Amino acid sequence: MKKIEAIIKPYVLDEVREALTEAGIKGLTVTEVTGYGRQKGHIETYRGSEYSVDFLPKIKLELVLSDEEIERSIEIIEQTAKTDKLGDGKIFVTSLKRTIRIRTGEENEDAI
């Protein structure tokens, strides 16, 4: 089992979710986050005054998947979230030792 954490632009969320659903991925967690990378924010103007926006809005997707589903899911996220512009995001993959479904006590892949 592995966990994918993907930081993506907010406006690509629906397309990524739909593509993952079509591929048979049954669940994911979505969190609104802010941060910066190479983009480092930008300058905006409000009522004639300039101000710096240091943290940019992003979406964090979290998926826990069997090893067999990982590569295809990564490909889907890469293909659907890519805009070829700065700030497209990142994908992080980590191994999980154990997963437990609270309601039933099922563990590992049975709990996904």
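I looked up D84 and found that it forms a salt bridge with K82 (a side-chain nitrogen of Lys or Arg within 4 Å of a carboxyl oxygen of Asp or Glu), the closest N and O atoms being 3.6 Å apart. The model is predicted, with pLDDT of at least 70 needed for local features and 80 or more for side-chain atom pairs, while totals for chains, interfaces and linings use all residues. I noted that residues are numbered from 1 along each chain as its sequence is written, and that side-chain values use heavy atoms, with hydrogens and water left out.

I then checked accessibility, where buried means under 20% relative accessible area, exposed over 50%, and partly exposed in between (1.4 Å probe, protein chains only). D84 is exposed at 64%, and K82 is exposed at 54%.

Next I turned to E75 and R72, whose side chains meet in a salt bridge at 3.4 Å, N to O. These two residues are three apart in helix α2, so about one helical turn separates E75 from R72; helices are DSSP runs of H or I with at least four residues, strands are runs of E with at least two, and both are numbered from the N terminus. E75 is partly exposed at 35%, and R72 is partly exposed at 45%.

I also looked up R101, which forms a salt bridge with E106, the closest N and O atoms being 3.2 Å apart. R101 is partly exposed at 26%, as E106 is at 30%. By the salt-bridge rule I count nine in the model.
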